[in-house]
Amino acid sequence: MARCLASVAGRARRRRSTEVGRGVPGRQLRSGEKRGSAVGKTKRGKGTKWMVLVDGGGLPLGVRLESASPEEVTLAEATLAEVKVPRPKGRLRTKPKRVIADRAYDSDPLRERLKKRGIDLIVPYRKNSKKRKHEDGRKLRLYKRRWIIERTNAWLGQFRRLLVRHEHLLSTYRAFFYLACLWITLRKCL
């Protein structure tokens, strides 16, 4: 085993000498990009947006981390693509029956695209919206259950490593985010 480890270490040293100028140990070099990946400007400074899809109990099903700059409407379908729930038999479940979201997701084109996929989007219209084509009071009664995602966001906010992002690498931040989701799931299930 010692010889095997020594041969792996020897190969790593040889390979590193051929990649001179590619990187500095402990640093990530990028041309023109600052602040790390998926960090964008907001009203309060810079940040990373958490896009989380949860089930009825508050367990995270789909997670996507993006720059704070784009609107939620543009990221909704990409977040829905992250969902993969195992079933006892058959394929993974990849789409929910309904999505309950806040007013930031109010978009008739989004509603129509999701309706074609068989997903019911329950979102109240914004106050300045003139056309209220898809408004249905019976469906909006389900909007009262939106507190579940707010509770999950509060649980995620209790992890200080997520609340203030110190990592430049998105992969490191994503790993801590997945650890927090795993911790929430274990705490809820056990």
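Leu182 sits in helix H7, which spans residues 170-189; helices here are DSSP runs of H or I with at least four residues, strands are E runs of at least two, and both are numbered from the N terminus. Leu182 is partly exposed, with a relative accessible area of 46%. On that scale, buried means under 20% relative accessible area, exposed means over 50%, and partly exposed is in between, using a 1.4 Å probe and protein chains only.

Before going on, keep in mind that this is a predicted model: local features need pLDDT of at least 70, side-chain atom pairs count only at pLDDT 80 or more, and totals for chains, interfaces and linings use all residues. Residues are numbered from 1 along each chain as its sequence is written, and side-chain values use heavy atoms, with hydrogens and water left out.

**More on helix H7**

- Leu182 belongs to a nonpolar surface patch with Leu179, Leu186 and Leu190, and together they have about 440 Å² of accessible area.
- A patch is built from residues with over 30% relative accessible area and no salt bridge; nonpolar side chains (Val, Leu, Ile, Met, Phe, Trp, Tyr) are joined within 5 Å, and like charges within 9 Å.
- The accessible areas come from the Shrake-Rupley method with a 1.4 Å probe, and for residues only the protein chains shown count as cover.
- Tyr173 and Thr48 are 125 residues apart along the chain, yet their C-alpha atoms are separated by 9.8 Å.
- Ser171 is another residue of H7, and Ser171 is partly exposed at 49% relative accessible area.
- Ser171 and Ser37 are 134 residues apart along the chain, with 9.1 Å between their C-alpha atoms.

**The whole chain**

- The protein chain has 7 helices and 5 strands.
- If you walk along the sequence, the pattern reads α-β-β-β-α-β-α-β-α-α-α-α.
- Of the 190 residues in the protein chain, 31% are buried.

**The largest pocket**

- The largest pocket holds about 1100 Å³ of space.
- It has 36 lining residues, and the closest to its centre are Val52, Leu53, Val54, Ile100 and Ile149.
- What counts as a pocket? On a 1 Å grid over the protein atoms alone, a pocket is an open set of points with protein on both sides within 12 Å along at least five of seven lines, whereas a cavity is a set of points where a 1.4 Å probe fits but cannot get out; lining residues have an atom within 4 Å of a point.
- Grid points are joined across faces, edges and corners, and the volume is the space filled by probe spheres set on the points.
- At least two lining residues each come from strand S2 (45-54), helix H2 (72-80), strand S4 (98-100), helix H3 (108-116) and helix H5 (147-157).
- Which element gives the most to the lining? That's S2, with 6 residues.
- Sorted by class, the lining has 22 nonpolar, 3 polar and 11 charged residues.
- In this sorting, Ala, Val, Leu, Ile, Met, Phe, Trp, Tyr, Cys and Pro are nonpolar, Asp, Glu, Lys and Arg are charged, and the others, Gly among them, are polar.

**Salt bridges**

- Side chains of opposite charge can pair when their charged atoms come close.
- The whole structure has 9 salt bridges, where a salt bridge means a side-chain nitrogen of Lys or Arg within 4 Å of a carboxyl oxygen of Asp or Glu.
- One of them joins Glu72 and Lys49, at 3.6 Å from N to O.
- That pair links distant parts of the chain, with Glu72 in helix H2 and Lys49 in strand S2, 23 residues apart.
- Glu72 is partly exposed at 25% relative accessibility, while Lys49 is buried at 14%.
- Asp108 and Arg111 also meet in a salt bridge, at 3.5 Å from N to O.
- Both of these residues are in helix H3, 3 residues apart, about one turn of the helix.
- Asp108 is partly exposed at 22% relative accessibility, but Arg111 is buried at 7%.
- Arg64 pairs with Glu66, their closest N and O atoms being 3.0 Å apart.
- A network of salt bridges links Arg64, Glu66 and Glu82.

**A loop residue**

- Arg126 lies in the loop between strand S5 (120-122) and helix H4 (137-140), and Arg126 is partly exposed at 34% relative accessible area.
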